[in-house]
Amino acid sequence: MSSSRPALLTVEGLTMRFGGIVANNDVNFTVDQGSITALIGPNGAGKTTVFNCVTGFYKATEGRIRLQTEAGEVEVGELLTRPVLGGSYLVARAGIARTFQNIRLFKEMTAVENLLVAQHQRLNRNLLAGTFDSAGFRAAEDEGIERAFHWLRVMNLLDDANKLAGSLPYGRQRRLEIARAMCTGPRLVCLDEPAAGLNPSETEELSELIRRLRGEHGVTVLLIEHDMGLVMGISEHIVVLDHGEVIADGGPAHIRSSPAVIAAYLGTETTEVTP
Ligand SMILES: Nc1ncnc2c1ncn2[C@@H]1O[C@H](COP(=O)(O)OP(=O)(O)OP(=O)(O)O)[C@@H](O)[C@H]1O
């Protein structure tokens, strides 16, 4: 979608095949800096596969995924296949974080411990300093704790800091997952069905929190979501996938009235496209 803002993420010609299954076929879209962009489509359309490629869980069969960083442009496939030291940790370090469709917290750890573990890449950088319990290492630890409490506060979870993650109500676990992603300091956060399983008031609170992540904390948001009320309410850019291909790309008004989108949704039992 064209806009005055520069693209933070550019997906070009993304194709992902699993043997004979083509999960994504020549997918092209951009995520503008500072936007809330939604990836929608019926079940099995290929949304999670796009996420898995963008976040470096999969190496795309074909295509390029470019991210702008302060140090210049990086390409996700190149980070994954870089000789010797390549890997998905480089994608996280470049500034892409994610949550999962099925919550993946450490349920036997407290909320704050989950957020400290998420920062291990930052905190463990100077392992030798840690071994000798140096002032630098302690400062990094203090910074990690401060960052954890900052995101607990932003996500309205301060009262839950020392509770076991697995004991929290479902909606709070979903918010803790977002806090965990934010602790890694991303420029792009990818939320995979953040409203799944939430009741209407929890969904409303989540919408407000996602708006604040973008508005007050400067992060760009890419989300997959089936709740059309949430999608149409908070996204300015929507990319629609069907059978692995982009069938529409534009603002909410354009998407709502797109015949291709209406036909794709009418052919399924998924939520109606109009909230
Ligand atoms: N690891 C895999 N191996 C084989 N096929 C896969 C794999 N991952 C996804 N697929 C297939 O790719 C297609 C797209 O799946 P994907 O999970 O990306 O869709 P989705 O749009 O996220 O669906 P949903 O809304 O149900 O989560 C499906 O046909 C799926 O079965």
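Start by colouring by domain: the assignment puts 1-95 + 187-275 in domain 1 and 104-185 in domain 2. Keep in mind as you go that this is a predicted model.

Next, select the contact between the two domains. Domain 1 puts in 11 residues, and domain 2 puts in 11 residues. On the domain 1 side, show helix H3 (88-94), strand S7 (188-192) and helix H9 (200-217): these are the elements that give two or more residues to the side touching domain 2. Colour that side of domain 1 by residue class and you'll get seven nonpolar, two polar and two charged residues.

Before zooming in further, switch to confidence colouring. The mean pLDDT of the protein is 89, with 88% of its residues at 70 or more.

Now centre on the ligand. Which residues surround the ligand? Select Phe18, Ile21, Ala23, Gly41, Asn43, Gly44, Ala45, Gly46, Lys47, Thr48 and Thr49. By class, this shell splits into four nonpolar, six polar and one charged residues. Strand S2 (21-32) and helix H1 (47-54) each supply at least two of the shell residues. The largest share, three residues, is from H1.

Stay with H1 and hide the rest for a moment. Is this helix mostly covered or mostly open? Mostly covered, with seven of its eight residues buried. To see them, pick Lys47, Thr49, Val50, Phe51, Asn52, Cys53 and Val54. Lys47 and Thr49 are worth a label, as they are buried and also belong to the ligand shell. Then step just past the end of H1 to glycine 56 and check its backbone: phi is positive there, at about 85°.

For the last stop, bring everything back and go to arginine 104. This residue sits in the loop between strand S6 (96-98) and helix H4 (111-118). Why does arginine 104 count as exposed? Because arginine 104 has 12 C-beta neighbours inside 10 Å, and a residue is exposed at 12 or fewer.

Note on methods:
Residues numbered from 1 in each chain as written. Predicted model: local features only at pLDDT ≥ 70, side-chain atom pairs only at ≥ 80, totals over all residues. Helix = DSSP H or I, 4+ residues; strand = E, 2+ residues; numbered from the N terminus. Buried ≥ 20, exposed ≤ 12 C-beta atoms within 10 Å, placed from the backbone. pLDDT = per-residue confidence, 0-100. Near = placed C-beta within 6 Å. Nonpolar A, V, L, I, M, F, W, Y, C, P; charged D, E, K, R; others polar. Domains from an automatic or database assignment. Contact = placed C-beta atoms within 7 Å.
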